[in-house]
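Subject: Structure handover

Hello,

Please find the structure below, handed over for your own work. My notes on it come after.

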Amino acid sequence: ETSDEGRTGTIHTIAAAVLLDGEGKVADVMLDELEVELSADGKGAVTMPTDYRTKRQKGDDYPLAAASSLKKGWAEQADAFADYLTGLTPQQAARLETDKDGRAADPDLLSGCTIRVDKYRDAVAKACASAAPLGGAKGDRVSLGVVAENDVTATDDKDLNAEVELTFAALTLDADGRITSAIGDMAEPALTVAADGGITAPEAVRTKLELGDGYGMRGASALGKEWYEHSAGYCSYLKGKTEAEAASIPADGSDSDLAALCTISIDALQKAVGDAFENAGL
């Protein structure tokens with residue numbers, strides 16, 4: 001989105017990883033959020049932020065606890081919201097009532113979470129809608145990892161694209177901390193900065209999984225695969241691995257077993273998987 005003045009823009013990302021049980025009810029949820037704000041002057045010079053940590057990654061550096069009536073930080077409140085959703089059907093979660101400010105209407109939920117949750121609710125509903133049986137089992141827990149990096153490039157008409165490259169990894173982990181299933185995704189939301197400093201935003205941003213065959217990688221792939229198929233190959237290769245084993249997978253293509261499944265760069269995916277393990281608290 002952009003400001004009314006058109007000189008500042010925000011790339012706002014909410015990510016949800018969801019595990020559904022055998023009855024299709026919510027068994028576990030993890031949320032994260034990232035806000036990246038940039039500005040431009042009248043000559044089109046762009047100022048990008050230097051901190052690309054999510055709210056979960058910032059921990060105590062995200063100063064919510066001091067301002068909260070509950071004296072709880074962002075992760076504590078987001079996890080309380082996730083706990084509240086456990087046992088609900090996707091339909092019940094999607095219908096969660098909020099007030100005009102996006103906060104929960106249920107006083108029981110408000111006792112542990114006073115932050116705005118309407119966008120989190122919508123992200124959970126979207127995750128539930130795209131869930132598929134990938135190997136997770138009863139008793140597993142879900143974890144989410146996010147990596148963000150920036151890139152500013154000139155376009156053919158001398159405008160600038162200020163882009164944030166987002167990588168997501170959702171893992172299910174068993175009691176021994178081994179991966180039972182995984183999903184990897186990427187998105188490249190960008191704001192366009194004109195020569196006069198005006199900023200415009202796209203109407204919609206879709207991730208690479210959402211783009212599917214429309215991403216257009218198949219013809220350039222040595223394996224004849226689209227991006228989502230490479231990602232699925234990498235994720236299948238993670239199954240059964242511990243944090244150390246996943247981290248030790250070489251990213252240079254030298255692992256022939258992985259290369260038979262996936263030839264895209266896995267650097268950012270590896271980092272997101274590492275973040276997911278860190279957030280799991282193993």
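The notes below cover strands, cores, single residues, a pocket and a cavity.

This is a predicted model, in which local features need pLDDT of at least 70 and side-chain atom pairs count only at pLDDT 80 or more, while totals for chains, interfaces and linings use all residues. Residues are numbered from 1 along each chain as its sequence is written, and side-chain values use heavy atoms, with hydrogens and water left out.

Strands

Helices (H or I, at least four residues) and strands (E, at least two) are DSSP runs, numbered from the N terminus. Two strands are said to pair if DSSP finds at least two bridges between them.

An open sheet of 3 strands runs in the order β1-β2-β3, and its pairing is antiparallel. Its edge strands, β1 (8-20) and β3 (46-47), each pair on one side only. Between β1 and β2 (residues 26-40) there are 13 bridges in the antiparallel sense. V18 has V29 in β2 as its bridge partner.

Further along, β5 and β7 run antiparallel and are joined by 4 bridges; E163 has A190 in β7 as its bridge partner. β7 (residues 190-193) has a covered face, made of L191 and V193, and an uncovered one, made of A190 and T192. β7 also pairs with β8 (residues 199-200), antiparallel and over 2 bridges, and there T192 has T200 as its bridge partner. β7 and β8 form a hairpin with 5 residues between them, and G197 in the turn has a positive phi of about 90°.

Nonpolar cores

A nonpolar core here is a set of buried Ala, Val, Leu, Ile, Met, Phe, Trp, Tyr and Cys residues joined through side-chain atoms within 4.5 Å. Buried means under 20% relative accessible area, exposed over 50%, and partly exposed in between (1.4 Å probe, protein chains only).

The largest nonpolar core has 26 residues, of which L171, I179, Y234, L238, L258, V273 and F277 touch the most other members. Two or more residues come from each of β5 (160-173), β6 (179-187), α7 (227-238) and α10 (267-280). α10 gives the most to this core, with 7 residues. A second, separate core has 24 residues, among them L38, Y52, A162 and L166.

Contact means heavy atoms within 4.5 Å. Leaving out residues up to four places away in sequence, F277 touches L171, L173, G177, I179, K241, T242, E243, A246 and L282.

I179 is found in strand β6 and counts as buried because its relative accessibility is 2%. Apart from neighbours within four places in sequence, I179 has contacts that include L171, L238, A246 and F277.

A148 sits in strand β4 (residues 141-154). With a relative accessible area of 14%, A148 is buried. Not counting residues up to four places away in sequence, A148 touches L34, Y52, V164, E165 and L166.

Cavity and pocket

Both were found on a 1 Å grid over the protein atoms alone: a cavity is a set of points where a 1.4 Å probe fits but cannot get out, and a pocket is an open set with protein on both sides within 12 Å along at least five of seven lines; lining residues have an atom within 4 Å of a point. Grid points are joined across faces, edges and corners, and a volume is the space filled by probe spheres set on the points.

The structure holds 1 cavity of 30 Å³ or more. The largest cavity has a volume of about 40 Å³, and is lined by T13, I14, A15, D32, E33, L34, T54, V146, L166 and F168. β1, β2 and β5 are the elements that give two or more residues to this lining.

T54, from that lining, lies in the loop between β3 and α1 (55-58). T54 counts as buried because its relative accessibility is 1%. Beyond its neighbours within four places in sequence, T54 is in contact with D32, E33, L34 and V146.

The second largest pocket holds about 220 Å³ of space. Its lining has 14 residues, of which E33, K55, I115, R116 and Y120 lie nearest the centre of the pocket. β1 and α5 (118-129) each give two or more residues to the lining of this pocket, and α5 gives the most, with 3.

Regards
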